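These are notes for a colleague opening this structure for the first time. Please look at the model, then read the points in order.

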Amino acid sequence: MHYYLLKHRDIPRLIELGYLDLGITSTEWLYENGSDLYIHKELDWCDTRISLISDKDSPVLSENTTIRCITEFPRITRDFFSRTNKNNVTIDNISGSSEALVPSIYNCCVDCVETGKTLLLHNLTEESIFYKSQIVLVSKHTVRNQTENLITTIMELMSHKEQNCTINGM
């Protein structure tokens with residue numbers, strides 16, 4: 001058995017290609033990649049939300065001007081703007097830290113938000129929260145039965161580790 005520490009965004013594709021049997025990823029990357037993987041278990045680790053983020057003083061959804069949006073989630077972003085009937089949107093792709101470019105270069109971004117503290121520090125706001133993401137354990141549908149024993153073992157190990165884990169100062 002081999003374990004790899006990988007980026008969430010890469011795991012769905014590596015499973016679909018057959019290079020990995022199981023993976024822990026977040027559901028926004030399943031959505032973004034158009035992945036059809038079997039979700040064995042939702043893990044209550046770090047739930048995030050995908051939001052349209054803009055300057056507090058310059059919301060974009062209420063304006064009729066051209067919207068310049070930066071994101072690492074172009075599929076999710078296109079789907080969102082399609083549902084809002086906004087046709088005047090330019091979407092550019094970046095591989096993270098999109099909020100750093102708002103409002104100086106782009107007037108909004110679509111990104112993951114966990115606590116919202118970074119947004120507050122930069123006078124940004126979640127103009128629209130439109131997707132709740134979860135951390136999940138996934139595999140291909142075709143191998144889900146073969147991996148159930150492995151998953152049970154992994155979950156037992158994780159449970160045991162959580163029981164023995166302490167945080168300094170807490």
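1. The second largest pocket has a volume of about 460 Å³. Among its 23 lining residues, Glu28, Thr48, Glu72, Cys112 and Glu114 lie closest to the centre. On a 1 Å grid over the protein atoms alone, a pocket is an open set of points where a 1.4 Å probe fits, with protein on both sides within 12 Å along at least five of seven lines; lining residues have an atom within 4 Å of a point. The volume is the space filled by probe spheres set on the points, which are joined across faces, edges and corners.

2. This is a predicted model, in which local features need pLDDT of at least 70 and side-chain atom pairs pLDDT 80 or more, while totals for chains, interfaces and linings use all residues. Residues are numbered from 1 along each chain as its sequence is written, and side-chain values use heavy atoms, without hydrogens or water.

3. Which elements each supply at least two residues of the lining of the second largest pocket? They are helix H2 (27-33), strand S2 (38-55), strand S5 (108-113) and helix H4 (117-121). By class, this lining has eight nonpolar, seven polar and eight charged residues. Here Ala, Val, Leu, Ile, Met, Phe, Trp, Tyr, Cys and Pro count as nonpolar, Asp, Glu, Lys and Arg as charged, and the others, Gly among them, as polar.

4. The protein has five helices and six strands, in the order α-β-α-β-β-α-β-β-α-β-α from the N terminus. Helices (H or I, at least four residues) and strands (E, at least two) are DSSP runs, numbered from the N terminus. The C-alpha atoms fill a box of roughly 55 × 45 × 20 Å along the principal axes.

5. Of the 170 residues, 37% count as buried. Buried means under 20% relative accessible area, exposed over 50%, and partly exposed in between (1.4 Å probe, protein chains only).

6. Two asparagines deserve a look. Asn85, in the loop between helix H3 (74-83) and S4, has a positive phi near 60° without being a glycine; its relative accessible area is 64%, so Asn85 is exposed. Asn123 also has a positive phi, of about 60°, and lies in the loop between H4 and strand S6 (124-139). At 30%, Asn123 is partly exposed.

7. A cis peptide bond joins Val102 and Pro103, with omega about 0°. Pro103 is in the loop between strand S4 (89-93) and S5.

8. Met1 lies in the segment before helix H1 (11-16). Met1 counts as exposed because its relative accessibility is 66%.
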